[in-house]
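Trainee: I've got this model open and I'd like to talk it through. Could we go over it piece by piece?

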Amino acid sequence: MIFEVKNGFFGYKTKEILKDINFTLGDGEVMSILGSNGVGKTTLLKCMMGLLKWNKGESFIDGKNINEYKSREFWQKIAYVPQAKGAAFGYSAIDMVMLGRSAHLGTFSQPKAEDREAAEQAMEDMGITHLRNKLCTEMSGGELQMVLIARALTISPSMLVLDEPESNLDFKNQLIILETIRNLSNKRGISAIVNTHYPEHALKISDKALILNRDGSNIFGNAEEIINEDNMKKSFSVQVFIDTFRYMEMDYKSVVPLYLV
């Protein structure tokens, strides 16, 4: 599946937030969206999926405007994973994951055996079968985030859209989420668009990146090329140092914030 945004503009009466957004994402590719707080990252996700209407511009799936897809058809292709922080659901994990099958059900239809099988398989794929009967209100942030991703996977989407999936998690759970996204891309060909505050994370998992700046400008391209010291300085108003180091025959990138500019 090819997902595209062409000439996307969005704003309110008093402020233009997004200006001339253009990007293309192919099968199995991961794109990170970077930018400081309030720059419009979540707004961009909503616009590109049609949850907010572009003031100008369009989103496409395989060359077809997303507005031409029926709602159920669209949400069978794209799965949205919102921020887990602050979420309180009185569902067990298996019931929460089952909700992901709604795109395959009619308005008054009840889940069938195949829907439960899809939910069970998604939990197994995510390695969270041990959470099956645990209430979402009793989960850690990392556990809930994994459940929400499993819920998204029940529809066998072509693309995941994740809003800050690793925020407010400890190091271990951050790595679990990042490795999960990369594995879904590499092994199942599922593309992903990820909002993140962490340039290091973007460099770790992304093929492409889109950097949003406070003046409304943006930069899109190969992640390795555009996540650099100059672009981070412009976007975040922070001088950073980016270095590459080798550990156990693997190369890693470190992004260190130095001082405000």
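This is a predicted model: local features need pLDDT of at least 70, side-chain atom pairs count only at pLDDT 80 or more; totals for chains, interfaces and linings use all residues.

Mentor: Residues are numbered from 1 along each chain as its sequence is written, and side-chain values use heavy atoms, with hydrogens and water left out.

Trainee: Is T196 buried or exposed?

Mentor: T196 sits in the loop between β8 and α7; helices (H or I, at least four residues) and strands (E, at least two) are DSSP runs, numbered from the N terminus. Buried means under 20% relative accessible area, exposed over 50%, and partly exposed in between, with a 1.4 Å probe and protein chains only. T196 has 1% relative accessibility, so the call is buried.

Trainee: Which side chain makes a polar contact with the side chain of T196?

Mentor: A polar contact is a pair of N or O atoms within 3.5 Å; within protein, one must be able to donate a hydrogen and the other to accept it, and residues adjacent in sequence count only if both atoms are side-chain atoms. For the side chain of T196, the pair is at 2.5 Å, and the partner is the side chain of E166.

Trainee: Where do the buried residues of α9 fall, seen down its axis?

Mentor: In α9 (residues 229-236), the buried ones are N231, M232 and S235. Taking directions from the helix axis to the C-beta atoms, they fall within an arc of 100°, so they line one face of the helix.

Trainee: How much space lies in the largest pocket?

Mentor: On a 1 Å grid over the protein atoms alone, a pocket is an open set of points where a 1.4 Å probe fits, with protein on both sides within 12 Å along at least five of seven lines; lining residues have an atom within 4 Å of a point. This one is lined by 18 residues, with L175 and E200 among those nearest its centre. Grid points are joined across faces, edges and corners, and the volume is the space filled by probe spheres set on the points. That comes to about 490 Å³.
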